[in-house]
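Colleague: I have just opened this one and would like a walk through it. Could you show it to me and spell out your terms as you go?

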Amino acid sequence: MASASFLKSSYVLKSEWTKGQSLRQLPSSPSVSLVRSRPTTFTVRATTSYADELIKTAKTVASPGRGILAMDESNATCGKRLASIGLENTEANRQAYRTLLVSVPGLGQYISGAILFEETLYQSTVEGKKMVDVLVEQNIVPGIKVDKGLVPLAGSNNESWCQGLDGLASRTAAYYQQGARFAKWRTVVSIPNGPSALAVKEAAWGLARYAAICQESGLAPIVEPEILLDGEHGIERTFEVALKVWSEVFYYLAENNVLFEGILLKPSMVTPGAECKDRATPEQVADYTLKLLQRRIPPAVPGIMFLSGGQSEVEATLNLNAMNQSPNPWHVSFSYARALQNTCLKTWGGRPENVKAAQEALLIRAKANSLAQLGKYTGEGESEEAKKGMFVKGYVY
C-alpha cells in the first residue's frame, strides 16, 4: 500500500485551475480518480542587469518631501494649454513654457522627477542648454512618456486601450541614452462604461508588458491605470472598481516578472465621480484610498505617486496631506500636471516679464505638495485660483 507521503507527491486529484495559480478541488466523490502527475517545473527569469539602477532610481524619485512634476502633455494638449492664454501652438512657444518650468530656481528641493514628452527630452532651453541637463543639475530625475495614446477597444462598451508596445524596446533604449531614467504609460478605465472585464484585462496586460520592456532598457516604469473621474457614481463604487483593477494589474506584473522594487505607481485617488452630488472630505478620500493600497499594493513598491485627475490644486494637496497623517509602508506622494501648473500658466500668460512670477507660483505649489507629502500642509493663504476645479469630461491627455 502506498504511503501517504508518496500519494501526496505523486498524485493529484483531477482539478480545475483558477488563473493558473490556485488548485480548486472538485467535490469529493467515490468516483473521483487519481491520476499520475508530472513534476512541475518553473523557469524564473534572471534579474535584469539594470536591477540595482532601477531600485536606485525608484528610491530617488520616492524621496521624502518630494514628488513628480508631470509635464509630458502631448504637443496637441500643450497647444490647448497655450491657447487658454492666447498663444499659438508653435515649437517656440512650447519651448518657452517648458524652459520656464524646468529652470525654476530651487525646484529640486520639492520635485524629484519630471515626466517629459519626447520633444522635450531632445529639446534645449531658450538659452541653448539641454533640458535634461537643467533637470539633472537640480537633482531632478528626467522621465519620459512612452505610450502612443488611447484608441477605441473593439468588442468593449465604448472603452479604450492604450497603444505603443510596437517598437517600445528600441525607443526606451534610445530614451535611456538620451538621459531618461524612468518612464510613464497612461491607460484609463471608465466606470460609467462598465468597466468591462475586457477593458480591465487589456489595461492590466498592456501596463505589465510595458513595465517589463522598460526595465530591460534601464527605465523604472510608472504604472498608471487611471480610473477616470467621469460619472455620477459614489466613492464606494470607485473603491470597488479600483480593487478589481489593481488586482489585475499586479497579477500581470508578476506574470511578466516585473521587479516590484524598481517600479512606481501612479494611481487615481479614490473619490466620488465628478458629477456625484455627495462629495467626500479629504479624510474620507484618505480612508478609502489607503484601504485600497493596503489591500492591493505590496510593500516592496517604493512609491505611490498620485495623479490629480482634474481636482483643484488645493483639493489635490489636501487629499494628499490627509493620506500622510500616519506612517505608510510606501512613499505616498504626487505626480501632478494641472494641479502644479495651472496657476503658473495663467500667471505667465505668455509674457517674458511674467516669467519670474510664474516660476514663483509653481514653486509655491511644489512646496505645498512637499508639505502634504510630509503630512504638514495646512491650506492657509491659498488663492481663489488654486481652489478652482479642473475636471474636464472626456479629458484627453
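Modeller: A contact here means heavy atoms within 4.5 Å. Among contacts in the chain between residues at least 6 apart in sequence, 79% join residues at least 24 apart. This is a predicted model, in which local features need pLDDT of at least 70 and side-chain atom pairs count only at pLDDT 80 or more, while totals for chains, interfaces and linings use all residues. Residues are numbered from 1 along each chain as its sequence is written, and side-chain values use heavy atoms, with hydrogens and water left out.

Colleague: How many helices and strands does the chain have?

Modeller: The chain has 13 helices and 14 strands, where helices (H or I, at least four residues) and strands (E, at least two) are DSSP runs numbered from the N terminus.

Colleague: And what share of the residues is buried?

Modeller: Of the 397 residues in the chain, 52% are buried, and buried means under 20% relative accessible area, with exposed over 50% and partly exposed in between (1.4 Å probe, protein chains only).

Colleague: Where is Ser 112, and what does its side chain reach?

Modeller: Ser 112 lies in strand β6, residues 111-116, and its side chain reaches the backbone oxygen of Val 61 at 2.6 Å. Ser 112 counts as buried because its relative accessibility is 0%. Leaving aside residues up to four places away in sequence, Ser 112 touches several residues, including Thr 60, Arg 66 and Asn 139.

Colleague: Moving on, is Lys 145 buried or exposed?

Modeller: Lys 145 has a relative accessible area of 10%, so it is buried. Lys 145 sits in strand β7, residues 141-145, and its side chain makes a polar contact with the side chain of Asp 147 at 3.1 Å. A polar contact is a pair of N or O atoms within 3.5 Å; within protein, one must be able to donate a hydrogen and the other to accept it, and residues adjacent in sequence count only if both atoms are side-chain atoms.

Colleague: What separates the C-alpha atoms of Lys 145 and Lys 184?

Modeller: Those C-alpha atoms are 4.7 Å apart, although Lys 145 and Lys 184 are 39 residues apart along the chain.

Colleague: New topic: how many disulfides does the structure hold?

Modeller: The structure holds zero disulfides, a disulfide being a pair of cysteine sulfur atoms within 2.5 Å. Cys 162 is buried, with a relative accessible area of 6%, and Cys 276 is buried at 10%.
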